[in-house]
Each structure stands twice: as structure tokens, then as C-alpha cells.
Amino acid sequence: MAFGWIDEQAARRRRAGLVRTLRPRAAGTALLDLASNDYLGLARHPEVTEGAARAARTWGGGSTGSRLVTGTTELHAELERELAAFCGFEAALVLSSGYAANLAAVTALAPHGSLIVSDAGNHASLIDGCRLARGTAQVTAHADPDAVRKTLGGHDGPAVAVSDTVFSVDGDAAPLAALAEACREHGAGLVLDDAHGLGVLGDGGRGAPYAAGLAGADDVVVTVTLSKSLGSQGGAVLGPARVIEHLVNTARTFIFDTGLAPAAAGAALAALRLLRREPGRAARAGAVARELHGRLTAAGLEAVRPDAAVVSVRAPSPEQAVRWAADCRAAGLSVGCFRPPSVPDGISRLRLTARADLSGAEIERAVRVIGETRP
Ligand SMILES: Cc1ncc(COP(=O)(O)O)c(C=O)c1O
């Protein structure tokens, strides 16, 4: 029977406790949200939703085609200029998602005969970029600049190292300065995915590369998502103008994809302007993460010290992680649940995101619920 193998796979998933299901989501909910990536609490900010609505009224519900075909709106150009300037880069290119931005950056910068050195903890979109690229990918141990150096040393020809700046599963930061040094020793480029750094790390949320002194470097390219701290949707690649021009000409997820929806561009631009005006939001997200971590560990839970706004709490097994997250939800708290195959090391976790707009009482309530429902 066609697709008969799907049922076998489904049965294996059930036996392993790894079935994923979609839950309905209400527009308004009393749940305390520590599951979303809305780090700065901007997704529903009136200026951000108005930015989306105004853009849709002006430019329409969709972009109507690839920007190479239907043109670039002033809105997209403004977003690219302001995002690049904010993060300290010469130029930016906005794409329809952070996922598409990573595919664009890795595939366009790793031609046939090149080497891609990829951290074992990288996000799925960087991994898929490596799979799609014409270059050969080699995976190195997590956050290990010496392994990157050694791998680059064994290659003759163009090379690029790719890494998350803040790893999405455990919220730990990559050793960016040491990574850049290893790349420079071998004349290799560095592609950094700052999905979890933008809006949280660096002066006023300018991101992890900015904090590490790498912003604007001619051998560093950064990808970001507009869907986390900026409360919108979409992604961007930031870097030297010649790299951005190269992407416009070669990146298939830019060329063959409809441009970012005007509403998403408008929302992201409004959020970016808000963040520039209220830089304290970035530091607050980090402070909430550290407070969450401190309280969780004081309650005897095994949590990873956060380098940004992601707080990861170990769960004993995938089944218990799923039940734990469901029990939290039943008690009014929404948390993420990460388990195989979405985690590279096979460890299941509750994944909490620290939002800048969480109050002390909400942090206390979240920790109490997580403690009371622990398996
Ligand atoms: C590290 C990282 N990179 C890229 C992405 C993809 O971004 P987007 O959701 O905008 O496609 C995500 C999560 O969504 C992420 O966590």
C-alpha cells in the first residue's frame, strides 16, 4: 500500500512516547506564557500590531511575488536599513523566515568544493542549510573552537564555520570570540545565527555578535529571525554589502520565495523602533532568565544557567516531560517541551522563555507550578 511505511513509523513513535500533536490555541488565554519566543513581550504591543495593520492596508495582505519580480517596497528597504544599522552591519536582506535566512546564508556561502564546519548543537535550519549546500559539511563537538580550528586546518579551499550564538535547546552561548579567531587563522568565514541573541544580548539588544565585537566585520555574516524578540515573523541576513548582493543573486530561498508579507515587515519595523526607544527591555529579559534559573535551582530543579533568555529544565524521560508540561498547563502555566528527535543529545527538557514583561509575582508563580508538578 502506498505510504504504508507511515503507519509503521507512527507505531514506533507511539511506543517511544514521541508523538507530536497540535493543540488549539485561543486568542485570549489566562495561561501564563513561558513557552513562546516573545522575549520582549512585543507581539501584542499596540504599536507592533498597528505597524502590521498599517502595512497591510498600504501594501496588501501579501507581497504578491518574489521581490526580484514584483519589486521591493519602501517598507522592506526601511526595515533592512534600520536592522543593519541597529546590529552594526553594512547591509541586510529580509526573507520570509529565519529558517529561509539560514538556508540562504549557508547555501550561498558554501559553494562546491568548500568546507562547512557546523556545531553539533546547531538549529535544524542551519543543519538543513548544510544539507542543501554544495560544500561538504563536517560537524564538530558542541561549542568547541579548537575542534573548529582543527577541522578548518585540514581543508584547502573556501571554508565557513556556522553556529548558533545562543543555542535554542539549552540557552547556552557559543564562544564567539574564540570561534572568530579560529576562523581568521584559516581565512574562513563565520556565519552566526543570532535568533536568540537579537533583542536580548548586546547593548540595548543589538545581539550577540555586537556584544562580541564582531558586528560589521567583513568575514562575519549573521542571520536573525523577526519572530522572537521582534514579535513578528520573518528573517534576515546581515553582513557586508557584497555578501548581501551575492545573496540577492544566488540564494534560492530569496529568489524563489515570495517576499516577506508587508504586515510582518511593518510589525518588525515597529518593534525594532520600540526596542531602540526602550533599550531596557533587553536587559530585563536577561534578568528575568537569571531570576527564573536561580529560583528553579533553589527549588532543587536541574536548570541550565542561561546566557540569554532561554531557561532549560531537565526532565527524566520524554514521557515524563510531556506529562510535566501538560500538568503545568493544567495549572495555568504554558511551557515548552523539548524531546527527541528535536534535541541533539537525547535529553528531554522543559524549555522556558523569560519575557521582559514578566512580573516578580509571575516568576514566583511559574517556579511554584513547575516545582509542584515535577515528575
Ligand atoms: C536558532 C534558531 N534559528 C532559526 C530559527 C527559525 O526562525 P523562524 O521561526 O523565523 O523560521 C529558530 C526558531 O524558530 C531558531 O531557534
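Student: Why is Gly-235 called buried?

Tutor: Count its neighbours. Gly-235 has 28 other C-beta atoms within 10 Å. A residue is buried if 20 or more other C-beta atoms lie within 10 Å of its own, exposed if 12 or fewer, and partly exposed in between, with C-beta atoms placed from the backbone. The count of 28 meets the cut-off, so Gly-235 is buried.

Student: Before we go on, what kind of model is this?

Tutor: This is a predicted model, where local features need pLDDT of at least 70, side-chain atom pairs count only at pLDDT 80 or more, and totals for chains, interfaces and linings use all residues. Residues are numbered from 1 along each chain as its sequence is written.

Student: Where does Gly-235 lie, and in which strand?

Tutor: Gly-235 is in strand E8, residues 235-239. Strands (E, at least two residues) and helices (H or I, at least four) are DSSP runs, numbered from the N terminus.

Student: Which residues does Gly-235 touch?

Tutor: Leave out residues up to four places away in sequence. The contacts then include Ser-97, Gly-98, Ala-101 and Thr-225. Two residues are in contact if their C-beta atoms, placed from the backbone, lie within 7 Å. Ala-101 is 134 residues from Gly-235 along the chain, and their C-alpha atoms are separated by 5.6 Å.

Student: What makes Thr-107 buried?

Tutor: Thr-107 has 23 other C-beta atoms within 10 Å, so it passes the cut-off for buried. This residue lies in helix H5. Beyond four places in sequence, Thr-107 touches Gly-129, Leu-132, Ala-133, Ala-251 and Arg-252.

Student: Why does Asp-172 count as partly exposed?

Tutor: Asp-172 has 19 C-beta neighbours inside 10 Å.

Student: What is the phi of Ala-143?

Tutor: Positive, at about 50 degrees, although Ala-143 is not a glycine. Most residues other than glycine have a negative phi, and most peptide bonds are trans. Ala-143 sits in the loop between strand E4 (136-140) and helix H7 (145-153). Thr-64 also has a positive phi, near 70 degrees. Its loop runs between helix H2 (46-59) and helix H3 (67-70).

Student: Which peptide bond is cis?

Tutor: The one joining Pro-340 and Pro-341, with omega about 5 degrees. Pro-341 is in the loop between strand E10 (333-338) and E11.

Student: How do you know that the length of helix H13 agrees with its number of residues?

Tutor: Compare two spans. The expected span is 1.5 Å times one less than the number of residues. For the 19 residues of H13 (280-298) that should give 27 Å, and its end C-alpha atoms are 27 Å apart, so the spans agree.

Student: What do the buried residues of H13 pack against?

Tutor: They pack against H12, strand E9 (310-314), strand E11 (349-353) and helix H15 (360-373). Val-288 and Leu-292 are among the buried ones.

Student: How many residues surround the ligand, and which are the closest?

Tutor: There are 14, and the closest are Ser-97, Gly-98, Tyr-99, Ala-195 and Thr-225. A residue is near a molecule if its C-beta atom, placed from the backbone, lies within 6 Å of it. Helix H5 (98-109) gives the most to this shell, with 3 residues.

Student: How do the residues of the shell divide?

Tutor: Into 2 nonpolar, 10 polar and 2 charged. Ala, Val, Leu, Ile, Met, Phe, Trp, Tyr, Cys and Pro count as nonpolar, Asp, Glu, Lys and Arg as charged, and the others, Gly among them, as polar.
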